[in-house]
Amino acid sequence: MHPDQYPDFMAIALREAQLAFEKNEVPVGAVVVYENRVIGRGHNLTASLHDATAHAEMIALSAAFNSIGDWRLEDCYLFSTLEPCIMCASAAVLSRINTIVYGARDPKFGGCGSILSIPTNDRLNHVCNLVGGICENEVSELMKTFFQMVRKNKSGVN
């Protein structure tokens, strides 16, 4: 895949993030791409499903496994609007994802360089390429808007 295509696939992940936003979920979206087509997509559903593992990336990876009928996603790219957390980064490594492409860094939970760098740890039996900062401004604005809304609602001001 050519890097010029990254913003196009990140735009699809951003649409998924918007779906999460509309459900009052933390607005993170993800897609898995194989041979320039989306084979899995997801957005955060942790609050809706009462499931701490229902992250956008986990849902997109599961959809991709089902799409290709295998747990190995060796020639696939995982696009996530937010830097994958340690759980999601680990799942990408276990899935043999080729490249993780993300929008904004996550300084509190990021598993792709902010806290740890799971995908590039050469002590593991697989490493992933990492590309960050794709559509970072759009992702950051959506996250900022969401958390301003959450803070406003918690303060009791409508």
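**A walk through the sheet and its pocket**

Helices (H or I, at least four residues) and strands (E, at least two) are DSSP runs, numbered from the N terminus. This is a predicted model, in which local features need pLDDT of at least 70 and side-chain atom pairs count only at pLDDT 80 or more, while totals for chains, interfaces and linings use all residues. Residues are numbered from 1 along each chain as its sequence is written, and side-chain values use heavy atoms, with hydrogens and water left out.

Is Ala-56 buried or exposed? Ala-56 counts as buried because its relative accessibility is 0%; buried means under 20% relative accessible area, exposed over 50%, and partly exposed in between (1.4 Å probe, protein chains only). The C-alpha atom of Ala-56 is separated by 4.7 Å from that of Gly-42, although the two residues are 14 apart along the chain.

Two strands count as paired if DSSP finds at least two bridges between them. As background, strands of a sheet pair through backbone hydrogen bonds, either parallel or antiparallel.

Now follow the strands across. β1 and β2 are antiparallel, with six bridges, and they form a hairpin with two residues between them. In that turn, Glu-35 has a positive phi of about 50 degrees. On to β3: strand β1 (residues 29-34) pairs with β3 in the antiparallel sense over five bridges. Here Ala-30 stands opposite Ser-80, and Val-32 has Leu-78 as its bridge partner. Five of the six residues of β1 are buried, so β1 is largely enclosed by the rest of the structure.

Leu-78 also points the way to β4, where its bridge partner is Ile-100. Strand β3 (residues 76-82) and β4 pair in the parallel sense over five bridges. Between them the chain crosses through helix α4 (residues 86-94), and this β-α-β crossover is right-handed: with the strands pointing away from the viewer, the path from the first strand over the helix to the second runs clockwise. Why is β4 largely enclosed by the rest of the structure? Six of the six residues of β4 (residues 99-104) are buried, so the strand is largely enclosed. β4 then pairs with strand β5 (residues 129-131) in the parallel sense over three bridges, and Ile-100 stands opposite Leu-130 in β5.

A pocket is an open set of points on a 1 Å grid over the protein atoms alone, where a 1.4 Å probe fits, with protein on both sides within 12 Å along at least five of seven lines; lining residues have an atom within 4 Å of a point. The largest pocket is lined by 20 residues, and nearest its centre lie Val-26, Leu-82, Asp-106, Phe-109 and Met-143. Helix α5 (residues 136-154) gives the most to this lining, with four residues.
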